[in-house]
Structures are given as C-alpha cells and as structure tokens.
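Good morning, and thank you for coming.

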Amino acid sequence: MTPVRGKFITLEGVDGAGKSTHLDWIAERLRTRGRDLLVTREPGGTPLGESLRKLLLSEPMHIETETLLMFAARREHLSRVIRPALDQGCWVLSDRFTDATYAYQGGGRGLPFDRIAVLERWVHGDLQPDLTLYFDLSVDAARKRLSTSQSHPDRFEQEGADFFERVRSAYRARAAAEPERIAVIDADRSLDDVKKELEVIISSIC
Ligand code: TYD
C-alpha cells in the first residue's frame, strides 16, 4: 500500500525573529502527536547543500550567483531529502525554503521577483509547503535580539536595517497574498504566548 504523503512545513522570518528558538519545540509537538518527522534547513540539508551554505553565508558574490546557488542547494535538498521523505509518509519541517529567496534575494537585494519565479517553477513547480509559519517581528526588535545572541554575524546578518525592512515587507506581502498557506505569528510576545498560538495551529493540521 502506498503511504499517505507527509506534510511539508516551513519556518520563515527575518534573522532574529525567533524561528530557530521555536523549531525544536514544534518538532517535539509534532512527534508527540505521532508524526514521523524529518527536521532540516535551507540553505543546506544535504552534504552538498551544507557546503553551499558555508559559501553563501561568507563569500561575497553577485546577487544572481547567490540566487542560483540557493536554488542549486534546494534542488539537491528536494531530490535527495524532501521528496523521498514526503513520499514515504514522513513529515518534513524545514527551517526556511523558497519564501526566504523571495524575501532576501527579491525584497532585500532587489532581484526581480519574476526571475525567482522562473527558478521556483523549474526547481519545484508542483511542490509547495502545506503550511508556512512566518514569525513576524519589527526590524528593531529582531536586531536587538540578534545583537545579544550572535558573536559572529554572517553575510546576511551584517546587512543594515533598510535591508531587513525590505525583507520583512516582502515576507508580509507574501503572507497577505497566500493566507491559506502562510500563518503569520506575531513574534513580539512572550515565548509562552507564541507557543499557545503554535499549539492551536499544529492541532489544526494533525
Ligand atoms: P538562518 O535560518 O537565519 O540560519 P541561522 O539561524 O543559523 O543564522 O539562514 C541563514 C541565512 O540565509 C539567513 O540570513 C537568510 C538567508 N537565506 C537567503 O537569503 N535566501 C534563501 O533562499 C534562504 C533559504 C536563506
């Protein structure tokens, strides 16, 4: 018997919005509810993807190179990890996916969205997340959290407030355009309050 396809859940937000803080807790809740779960991240998730991640987070490069490498890592991730897991009935929780490319390379760096859409269709046209949890926080608050937690900021974290304002606007525009897929989590609250909202969303999908 073919297993029921697993669900694909992604986490998004500007650096410092708190998605990584909640990732382990979300994974634990899904496992407690009996889901076979694979936790992964982008850029990364495969040996080649993790090598590309190191370059992407440290090496200066042309914006189109940056975008192509994000999608190269994603292509590998999809064919070796994400699709096989979903096909076997496993759920997949990924720390970032293509919404991040629209937000960072599109919004932040100004690459036209239609260029990203071409790569998106090419690399995973028929596969989209079933649910995206977008952690929304003001850029000021996110930067404060980052400066207390990061001793060595990466190439993206070193960007200025204007860059992150554009990233946030792009995320919010995507969430407004796709409200059935993207749940906006107000991250400017206590961890317990955020968890309560996450619990409601998680119980609605499993
Ligand atoms: P991040 O999840 O913030 O890693 P960490 O919590 O370990 O710092 O991801 C690394 C960076 O990659 C982040 O600043 C956003 C960036 N990124 C893009 O610019 N485009 C993309 O498509 C993806 C997946 C990530």
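**Aromatic rings and the ligand site**

Eight aromatic pairs are found in this structure, which is a predicted model. Let me take one of them as an example. Y104 and F164 pair edge-to-face, with 6.4 Å from centre to centre and 85 degrees between the planes. Where do these two residues lie? Y104 belongs to helix 4, residues 98-108, and F164 to helix 7, residues 161-177, so their pair ties together parts that are 60 residues apart in sequence. Both Y104 and F164 are buried.

This pair also has a wider setting. Y104, Y134, F156, F163, F164 and Y171 are linked into a cluster by ring pairs.

F156 brings us to charges placed over rings. The charged end of R155 sits over the ring of F156, 5.2 Å from the ring's centre. Likewise, R74 has its charged end over the ring of F97, 5.2 Å from the centre of that ring.

I turn now to the ligand. Which residues are closest to the ligand? Of the 18 residues that surround it, the closest are D15, K19, R96, T101 and Q105. In T101, a polar side-chain atom lies 2.6 Å from a ligand oxygen atom. For K19, the distance from a polar side-chain atom to an oxygen atom of the ligand is 2.9 Å. R96 has a side-chain N or O atom 2.9 Å from an oxygen atom of the ligand. Taken alone, the ligand exposes 540 Å², and the protein buries 89% of that area.

Definitions and conventions
Residues are numbered from 1 along each chain as its sequence is written. This is a predicted model: local features need pLDDT of at least 70, side-chain atom pairs count only at pLDDT 80 or more; totals for chains, interfaces and linings use all residues. Side-chain values use heavy atoms; hydrogens and water are left out. Rings of Phe, Tyr and Trp (its six-membered ring) pair if their centres lie within 6.5 Å; planes under 30 degrees apart count as stacked, over 60 as edge-to-face and the rest as tilted. Helices (H or I, at least four residues) and strands (E, at least two) are DSSP runs, numbered from the N terminus. Buried means under 20% relative accessible area, exposed over 50%, partly exposed in between (1.4 Å probe, protein chains only). A charge sits over a ring if NZ of Lys or CZ of Arg is within 6 Å of the ring centre and within 35 degrees of the ring normal. A residue is near a molecule or strand if one of its heavy atoms lies within 4 Å of it. A polar contact is a pair of N or O atoms within 3.5 Å; within protein, one must be able to donate a hydrogen and the other to accept it, and residues adjacent in sequence count only if both atoms are side-chain atoms. Accessible areas come from the Shrake-Rupley method with a 1.4 Å probe; for residues, only the protein chains shown count as cover.
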